[in-house]
Amino acid sequence: MITQIEPNFSEDVVNTYKTHNDLIKTSTEKYKEITEYYMHQVYSKRMILNGAEGLKGRAIVLGLGNGIDIPLKQLAEQFDKIIGIDIDLKTMERTKMSLPGELRNKVELKTLDLTGIVAEFSQKVEAFAQKFPKPKFNEFYQKIAELIINLRPKRPDLPPSDATYITSSLILSQLASQIILYLRDIINKYYPDKCYKINSDLNILSILKTFADEVQTQHIENIHYWLKKKGRAYISTTYMDEPIVKLGDKFFKDKENPSCIMITQNVHIRERKLFKIIKTEFWDWMDRPPLFNMQKGSNFKVLSNIFEKNISD
Ligand SMILES: C[S@@+](CC[C@H](N)C(=O)[O-])C[C@H]1O[C@@H](n2cnc3c(N)ncnc32)[C@H](O)[C@@H]1O
């Protein structure tokens, strides 16, 4: 059964997520032999199963997407019910179809925006872009800055559940960056010569950072809210992006593009307040050429944690 909770996203914005997911799927199939990405999947699946040890009942997989780094089959065998959540329903359906028939029935899919603001944001950005044609870019830009300052992430409409296990694999930093990617797409489409602005304007970068911090912190609070007492959560994230370039056969740090931290300190503080840490692991994976780009890529640093909900909350 498929439950449509928030059907009011424009197709355009959902396509931003779907296109990205299709690209990941194609690259993963095409470059199977790329060891770093393969190892990321191995580490991730192992850690998720580790966190699930001894648990039964209901599990929620946030950002199920292609399910590349999720041991979905084993989780479906172990738990009575799996609830897959993503803004991109089509990709989740494809992932669900890859399971054997009897396990498929245990997986329920819900279309949900985990930030609670994608629909509002995309509708307003689109409306501003149409109201302020190309010569009025500065007005558009001012409106966008005001919009982002006033956006507050909202807990999506999923009641506190009896979930004993919740996984959030590589979505924490993507929640905000995907929204920013959509904004870039709109600027590209309506004001093609102004793309540099969003990458170089310190004012907007600082507004976006605050916004990312709020979205990420809210995500941690949501997981805590949805989890049963003593339930466990697996939360992994790309915490650092180190741009690289390929010269000949070797990879080097890309000096033109600085490394950036993708998770704020507040997120860690919130996690430690709400959960007890059971296990932590770090690993790297290289999103390297020719995966997405002919010369450039990134070395992504992943931080993954298994948490237990504090009994006192
Ligand atoms: C990098 S993928 C995670 C990898 C995924 N676990 C896999 O194994 O393929 C991030 C997923 O989060 C979803 N996502 C990003 N922002 C979202 C949001 N605001 N609400 C719901 N899902 C979102 C994307 O559609 C995508 O499927």
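Reply: First a definition: a residue is near a molecule or strand if its C-beta atom, placed from the backbone, lies within 6 Å of it. This is a predicted model, where local features need pLDDT of at least 70, side-chain atom pairs count only at pLDDT 80 or more, and totals for chains, interfaces and linings use all residues. Residues are numbered from 1 along each chain as its sequence is written.

Me: How many residues surround the ligand?
Reply: The closest are Gly63, Gly65, Asn66, Ile87 and Leu114.

Me: Which element gives the most to the shell around the ligand?
Reply: Helices (H or I, at least four residues) and strands (E, at least two) are DSSP runs, numbered from the N terminus. H1 and H8 are the elements that give two or more residues to the shell. With three residues, the top contributor is H8.

Me: Within what arc do the buried residues of H1 fall?
Reply: Buried means that 20 or more other C-beta atoms lie within 10 Å of a residue's own, exposed 12 or fewer, partly exposed in between, with C-beta atoms placed from the backbone. In H1, Val13, Thr16, Tyr17 and Asn21 are buried. They line one face of the helix, because seen down its axis (by directions from the axis to the C-beta atoms) they fall within an arc of 115 degrees.

Me: Which residue in S10 stands opposite glutamate 281?
Reply: Strands pair if DSSP finds at least two bridges between them. S9 (residues 275-287) and S10 run antiparallel, joined by twelve bridges. Opposite glutamate 281 stands serine 304.
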